[in-house]
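Keep the viewer open while you read.

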Amino acid sequence: MTATSYVFDPAKQASLAVKGEQARFPVRRIFCVGRNYEAHAREMGKDPDREAPFFFTKPADAALDTPCSIAYPPLTENLHYEIELVIAIGKGGADIDEADVMKHVWGASVGIDLTRRDLQTEAKNMGRPWDWGKAFDNSAPIAPIVPIGDVASITSGRIWLAVNGDIKQDADLADLIWSVSEHVSILSRSVTLARGDIIMTGTPAGVGAVVPGDVITGGVDGIATLEVTISDRP
Ligand code: MN
């Protein structure tokens, strides 16, 4: 058997730091859950009834380690933060039962689902895909992944975000409309999950805009904290 050759070198494997280890977590795909906290659904003008969860994606190489500095991205004049619990999948599978989801979870962390809100809103209004609002370069800064054995809880614990020290988002994982076990099970019935997949589990209320010079801090108690600085557009 001959080794596969390519017409040019394949892209570098996307990856995230792991807390307490040199080895990195290789990122395969990034799935994001839409509207998974009632108060955020309301602030986005939606009725927070328990409609089935929905998902969107970001490219794997949108992930980057924190702390970091991110240049204000192109096309937008309304860049929003969304603090989110992050789940890292270590074992793939399809049609995973809720009771078995934790067997597939390698670790957890905290990340920001950076959003070009003006482009997302325009896409919604025009019935177009959300991608340009969500899936841009460096749109998923994520703190080092914490192996699940070192994670206090993914069902309760404070989740918060501050801009320049002012608290903007402050909620609890217990407020998730669809728990990790529930939404990972549901996701696995749409796509076959694979090790390396990352799931951003939705943001609580209080989303808002940042501008160059702002410093975002955030965290999930008992898991991780992060810091992201927004720098000038190049
Ligand atoms: Mn989000």
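Aspartate 95 is partly exposed, with 48% relative accessible area; buried means under 20%, exposed over 50%, and partly exposed in between, using a 1.4 Å probe and protein chains only. Aspartate 95 sits in the loop between strand S8 (83-89) and strand S9 (105-112), and has a positive phi of about 50° although it is not a glycine. Helices (H or I, at least four residues) and strands (E, at least two) are DSSP runs, numbered from the N terminus.

A quick note on where this comes from: this is a predicted model, in which local features need pLDDT of at least 70 and side-chain atom pairs count only at pLDDT 80 or more, while totals for chains, interfaces and linings use all residues. Residues are numbered from 1 along each chain as its sequence is written, and side-chain values use heavy atoms, with hydrogens and water left out.

You'll find arginine 35 in the loop between strand S3 (30-33) and H1. Then there's a cis peptide bond between threonine 66 and proline 67, with omega at about 0°. Proline 67 lies in the loop between strand S5 (63-65) and strand S6 (68-71).

Glutamate 82 has a relative accessibility of 4%, so it counts as buried. Glutamate 84 is buried too, at 0% relative accessible area.

**Rings**

A pair of aromatic rings is described by the distance of the centres and the angle of the planes. Rings of Phe, Tyr and Trp (its six-membered ring) pair if their centres lie within 6.5 Å; planes under 30 degrees apart count as stacked, over 60 as edge-to-face and the rest as tilted. By that rule, there are three aromatic pairs. Phenylalanine 54 and tryptophan 130 have ring centres 5.7 Å apart and planes at 90°, so this pair is edge-to-face. The pair links distant parts of the chain, 76 residues apart: phenylalanine 54 is in the loop between helix H1 (38-43) and strand S4 (55-58), and tryptophan 130 is in the loop between helix H2 (117-126) and helix H3 (131-134). Phenylalanine 54 is partly exposed at 24% relative accessibility.

Phenylalanine 56 and tryptophan 130 make a tilted pair, 5.4 Å centre to centre with 50° between the planes. This pair also links distant parts of the chain, with phenylalanine 56 in strand S4 and tryptophan 130 in the loop between H2 and H3, 74 residues apart. Phenylalanine 56 is buried, with 11% relative accessible area. Put together, Phe54, Phe56 and Trp130 form one aromatic cluster.

Elsewhere, the charged end of lysine 58 sits over the ring of phenylalanine 136, 5.8 Å from the ring centre. That label needs NZ of Lys or CZ of Arg within 6 Å of the ring centre and within 35 degrees of the ring normal.

**Empty space**

Rolling a probe the size of a water molecule over the atoms shows where empty space is left. On a 1 Å grid over the protein atoms alone, a cavity is a set of points where a 1.4 Å probe fits but cannot get out, and a pocket is an open set with protein on both sides within 12 Å along at least five of seven lines; lining residues have an atom within 4 Å of a point. Grid points are joined across faces, edges and corners, and a volume is the space filled by probe spheres set on the points. Ala, Val, Leu, Ile, Met, Phe, Trp, Tyr, Cys and Pro count as nonpolar, Asp, Glu, Lys and Arg as charged, and the others, Gly among them, as polar.

| Space | Volume | Lining by class |
|---|---|---|
| Largest pocket | about 180 Å³ | seven nonpolar, one polar, three charged |
| Second largest pocket | about 160 Å³ | three nonpolar, two polar, three charged |
| Largest cavity | about 100 Å³ | four nonpolar, five polar, six charged |

The lining of the largest pocket includes Tyr72, Arg116 and Phe136. Among the residues lining the second largest pocket are Lys12, Arg24 and Asp61. The largest cavity has 15 lining residues, with Arg35, His40, Glu82, Trp130 and Lys134 nearest its centre.
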